[in-house]
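Please look through the sequence and the model shown here before reading the report that accompanies them.

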Amino acid sequence: MDPRPDLFDELRVVTAGGELDVTTVPAFARDLEGARHGAGRLFLIVDLLGVTFMDGSVLDPLCAAWEDCHERRG
């Protein structure tokens, strides 16, 4: 039995695969924004296991997601 079942209501997972670069980051950013939709505390896991290449363009959306979750006490 999980002592924190409410955690799963607050948890979102975004999974990325392939290459993340200037041509694919807009879709990734939309996924991150969609996962953060709503109010209240939020924990966000970004699964990059399937990413084969990533350039610096992904840093802005990742930082924005981190800041949003941090402000929400996630």
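This is a predicted model: local features need pLDDT of at least 70, side-chain atom pairs count only at pLDDT 80 or more; totals for chains, interfaces and linings use all residues.

Residues are numbered from 1 along each chain as its sequence is written, and side-chain values use heavy atoms, with hydrogens and water left out.

The largest nonpolar core has 10 residues, including Val14, Phe28 and Leu32; such a core is a set of buried Ala, Val, Leu, Ile, Met, Phe, Trp, Tyr and Cys residues joined through side-chain atoms within 4.5 Å. Strand E1 (11-20) and helix H2 (25-35) each supply at least two of its residues, and H2 gives the most, with 4. Helices (H or I, at least four residues) and strands (E, at least two) are DSSP runs, numbered from the N terminus.

Aspartate 21 lies in the loop between E1 and H2. Aspartate 21 is buried but has no salt bridge, which would be a side-chain nitrogen of Lys or Arg within 4 Å of a carboxyl oxygen of Asp or Glu.

The structure holds 0 disulfides, a disulfide being a pair of cysteine sulfur atoms within 2.5 Å. The sulfur of cysteine 63 is 12 Å from the closest cysteine sulfur, in cysteine 69, which is too far for a bond. Buried means under 20% relative accessible area, exposed over 50%, and partly exposed in between (1.4 Å probe, protein chains only).

| Residue | Relative accessibility | Class |
|---|---|---|
| Cysteine 63 | 41% | partly exposed |
| Cysteine 69 | 7% | buried |

Technical notes: Lys and Arg count as positive and Asp and Glu as negative; His and the chain ends are not counted.
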